[in-house]
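Work through each task, then check the steps below it.

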Amino acid sequence: MNTAQEPENSCEAVSPFRILLAPDKFKGSLSALEVAGWLESGLISDGGKRTIYCRSLPLADGGDGSVQAVLEAGFRPFTVKVPGPTGIPAATIVALDGFTAVVEAATTVGLQMLPGGRLAPLASSSNGFGEAVRAAHGRGPRRIVLALGGSATTDGGAGMLSGLGAQFFNGSGEVFVPCGGNLKDITRIDLVGLCDLSGVDLIAANDVQNPLLGPTGTAAVYGPQKGAAPSDVVILEEGLANLVNRLDEAGLPGTSCALSPGAGSAGGLGYAALLLGARMVSGADFFMDLLGFEQALKDCDLVITGEGKMDDQTLSGKLPLVVARRSMPVPVIAVVGHNALEKDRMPEYNIQQIYSLSNMTDQDSAIDSALSARLLTAVGRQISQTLERARGVRR
C-alpha cells in the first residue's frame, strides 16, 4: 500500500480530508496504481495539497492486473516461460511472498496473449496456465491463488491439467495437448503424473457463477465473447461433455464438479480448479482482504474506486460495487473509463457520484494512456474543488 505524507496542518482550523484511492485497472490504458496516482495528482493540486490526504490501495478482482496489484503490495516476482494460448512460447510473472503464490490466467493464456489479438476459440489451450501453476508449486508456497479472469480458452481446464502432468490420449493411443477444438478426441485420461497439490490451500478467485455445461455454461455464454461462432459453440459444448465423461472414467468427480457454480469461469478453468480441490471465492473480496482493505479504510472520509467500464456485469458483483459495499458507511465515488449504466450516481449501492472519462472527450481514452491520465487528473481536481466548497459551507 502506498501512503502519501499526511499534511502537517495541526494549526489549521480544518483537519485534512482523508481519501482512500482503491481502483481497479483501466483495461488497455492504465494500471490500478497509475489510476490512483493520476487521481491523486488532481486531488492535491492547487489548495488540495494542504487539506487533502490521499492513501492509495490499487486493487484487482482476479482478472488481469491481479499479479501487478500484489507486486505493488510487496510480493516478489519471478518469471516462468510457458506456451501461450496457441502454443507460441511466452513468459508470465508469478507473484510470491513466501506463503502465497498468485498465478494469473490473463497474462498466461489470456486474450491479450493471442498473437496479433486474433481470437482462436477452438485452438486455444490453458496448458501454459497449468505449467505456471506447477512452477509456482515448485517454490513451496502453502497457498496458491488462481486468478482466473481474462482467459482466451474454452477447454474446460483440460489444458491446465495437461500442464500439471495429466496425459490425454486420442483414439490412436497418442498423447496430445487438449484445446477447445480437440476435446471431443479424448478417449482416455491418465492422472498418474498429475502434480500433487493436496498439501496446498488452492484458491480459485473469480466472480462468475456459471456451470460448465448447458445454456448457461461456459461455451454458450462466454464462447462468443472469445470469438466462437454458433457452430464453434456446438463443437466446444460437445467436447466439454466428452471431457466430463472421460474424467469420470479416470476417477475424478467430473460430473459433480461440472454442476458446481463457478465451474464455467474462465472457459472452464474453474472446473479444473474444483477437480483439484480448490476453494472458489469472490475475486474482488479475496484480493481486498489479501491487500488489506479494512486497514486502509480506517479513518477515511471518502473512498474513490473505479474500473475501465461500468456496465451490467459491474452490478453482478465486480470490484467497484464490492468496494462500495465494504466501505459503508463511508461514502464512495466511482471514476470509470466509460459508464454504460447511464446513471451518474447509485446511492442504493453507496456510490454517491460516478465520473466517466468518456463524457469528457470525443476520443477513445481506453486506448490512450496519456489521455486517460489527463482526464483522471481533471476529475481529481473537480472532486477536490467540490470537497472544498462543501467544507467551506460547514465552517
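Two strands are said to pair if DSSP finds at least two bridges between them. Keep in mind that this is a predicted model.

**Exercise 1.** Find the partners of strand 13.

*Solution.* 
Step 1: Start with strand 2 (residues 17-21), which pairs with strand 13 in the parallel sense over three bridges. Here Ile19 stands opposite Leu302 of strand 13.
Step 2: Now look at strand 15 (residues 332-336), which runs parallel to strand 13 and is joined to it by three bridges. In this pair, Thr305 stands opposite Ala334 of strand 15.

**Exercise 2.** Are the residues on the faces of strand 13 (residues 302-305) buried or exposed?

*Solution.* 
Step 1: In a regular strand, side chains alternate between the two faces of the sheet.
Step 2: On one side of strand 13 lie Leu302 and Ile304, and on the other Val303 and Thr305.
Step 3: All four are buried, so both faces are covered.

**Exercise 3.** Check the length of helix 8 (residues 230-250).

*Solution.* 
Step 1: The helix has 21 residues, and at 1.5 Å a residue it should span 30 Å. The expected span is 1.5 Å times one less than the number of residues.
Step 2: The end C-alpha atoms are 30 Å apart, which agrees.

**Exercise 4.** Which elements do the buried residues of helix 8 pack against?

*Solution.* 
Step 1: List the buried residues, among them Val233, Leu236, Leu240 and Leu243.
Step 2: Their packing partners include helix 6 (158-163), strand 8 (167-169) and helix 10 (269-275).

How values were computed. Residues are numbered from 1 along each chain as its sequence is written. This is a predicted model: local features need pLDDT of at least 70, side-chain atom pairs count only at pLDDT 80 or more; totals for chains, interfaces and linings use all residues. Side-chain values use heavy atoms; hydrogens and water are left out. Buried means under 20% relative accessible area, exposed over 50%, partly exposed in between (1.4 Å probe, protein chains only). Helices (H or I, at least four residues) and strands (E, at least two) are DSSP runs, numbered from the N terminus. Contact means heavy atoms within 4.5 Å.
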